[in-house]
2 protein chains.
Amino acid sequence: MKDWAGAAPDETSAPRRRGRRPGGGDTRAALLDAARAVFAERGYDGATVRAIAERAGVDPAMVNHWFGGKEPLFVAALDLPVDPATALNEVLPGDPEHLAERILSRFLQTWDATGAAQLSTLIQSIASHDAAAGLLREFITRVLVVKVLAAVAPDRPELRATLCGTQMFGLAFVRYVLKVEPLASADHETIIAAVAPNLQRYLTGPLP
Amino acid sequence: MKDWAGAAPDETSAPRRRGRRPGGGDTRAALLDAARAVFAERGYDGATVRAIAERAGVDPAMVNHWFGGKEPLFVAALDLPVDPATALNEVLPGDPEHLAERILSRFLQTWDATGAAQLSTLIQSIASHDAAAGLLREFITRVLVVKVLAAVAPDRPELRATLCGTQMFGLAFVRYVLKVEPLASADHETIIAAVAPNLQRYLTGPLP
């Protein structure tokens, strides 16, 4: 994840660049910087393509040109190791009662490939900068609730999304950052068998 | 949690103070610094009272005088918001099948009183310094496994301890650091009802 210090409100409340920028990588990078600031300040719904483009000093059409829209720009601004939309489209099809196993399998593959150093940096960034935490909060609400839980959860999708978040963040933290054995070295099969029933209860089981 | 940079191996591989120090707060602070370095380097079992005292430049008897032994010194070095030994002694008595509810109730009270800022700092510290992560790893293994799970878990106490860790760290992270609603504002009764069955499965339920 990028350095989020630039998203502090007092530094970003006014556009940093007013002139039109040249095309190419500069425009893309400027849009990402601007998106992190505007999403953090206004949330997903409040952040308009126009406001992000204005902050970046480029034409609003550049958002579609470089990212294909507001949602892909949001995902790119999170700088996650894998595009969650792609990952979710892979795991959603199939029996909803085995969704937790598919989610865990997909996440473990991604996290193992990402490596402990990058995951530590990501968690550190989230813990130290409210802007990063705000973006991730939006991500949980928008992606987990709207795409996953609306499709499978019988009730209370927002509460279920946050409960799933506790299990998945905690698993990443203990396995990759704290590296506590035997979980740090356990194979995927063992972890999925141990954790999937709990995650599945948060997804589709009875809640109080 | 204190700044752990001082525990980097290249800075602490030799005693920093060789002379005997005067008594009082200086000795206590020197012992805490030395304990963080030596526990991080050697783990709980490998860290001797003698080595810690030597690193601090004080007599080994000062460890008993100021902390009452190696384990209380270890707990003090973690600088946690509450003494976990005291908290565990409060929750362990009672029906093992309701242990998760008692643990969650006790942790939520402590975390609410601690506040989001200190919890964020703690998690940031753990994510950024291997020494802090090493100490916390030791804590999970020593305290959770030995004191809690050995008393209630039918099998695989080490795996159960790490699974409990995933749920508790994740809950703290999402509620207090990410502050995702509705979990961030949920009352204790709601959280305990939602999370306790999952935590209880990790404590005493069937595992693969």
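Among contacts in chain A between residues at least 6 apart in sequence, what share joins residues at least 24 apart? The share is 69%, where a contact means heavy atoms within 4.5 Å. This is a predicted model, in which local features need pLDDT of at least 70, side-chain atom pairs count only at pLDDT 80 or more, and totals for chains, interfaces and linings use all residues. Residues are numbered from 1 along each chain as its sequence is written, chains are lettered from A and ligands numbered from 1 in the order in which they are written, and side-chain values use heavy atoms, with hydrogens and water left out.

**Chain A**

- Chain A has 11 helices and 0 strands; helices (H or I, at least four residues) and strands (E, at least two) are DSSP runs, numbered from the N terminus.
- Buried residues make up 50% of the 208 residues in chain A. Buried means under 20% relative accessible area, exposed means over 50%, and partly exposed lies in between (1.4 Å probe, protein chains only).

**How the two copies are related**

- Chain B is superposed on chain A by a rotation of 180 degrees with 0.0 Å of shift along its axis, and the RMSD is 0.0 Å. The two copies are thus related as by a two-fold rotation axis. The superposition is by least squares on the C-alpha atoms of residues with pLDDT of at least 70 in both copies.
- B:Gly170 is the residue of chain B that comes closest to the rotation axis, at 1.9 Å (C-alpha).

**The interface**

- Chain B gives 40 residues to the contact, and chain A gives 40 residues.
- About 3,500 Å² is buried between chain B and chain A, and carbon and sulfur atoms give 71% of this area. Buried area is the accessible area (1.4 Å probe) that two parts lose on being put together, summed over both.
- B:Thr166, B:Leu178 and B:Asn198 supply 16% of the area that chain B buries against chain A, more than any other three residues.
- Between chain B and chain A there are 11 residue pairs in polar contact (both at pLDDT 80 or more). A polar contact is a pair of N or O atoms within 3.5 Å; within protein, one must be able to donate a hydrogen and the other to accept it, and residues adjacent in sequence count only if both atoms are side-chain atoms.
- Helices H8 (116-128), H9 (130-152), H10 (157-178) and H11 (188-204) of chain B each supply at least two residues of the side that touches chain A. The largest share of that side, 14 residues, comes from H10(B).
- A salt bridge is a side-chain nitrogen of Lys or Arg within 4 Å of a carboxyl oxygen of Asp or Glu.

**Charged side chains**

- Over all chains, the whole structure holds 10 salt bridges.
- One of them joins the side chains of A:Arg106 and A:Glu90 (2.7 Å, N to O). A:Arg106 lies in helix H7 (residues 99-114) and A:Glu90 in helix H6 (residues 84-91) of chain A, 16 residues apart. A:Arg106 counts as buried because its relative accessibility is 17%, while A:Glu90, at 46%, counts as partly exposed.
- A:Asp155 and A:Arg160 also meet in a salt bridge (2.5 Å, N to O). A:Asp155 is partly exposed at 30% relative accessibility, whereas A:Arg160 is buried, with a relative accessible area of 1%.
- A:Arg55 sits in helix H3 (residues 49-56) of chain A and counts as buried at 5% relative accessibility. The side chain of A:Arg55 makes a polar contact with the side chain of A:Glu41 (3.2 Å).
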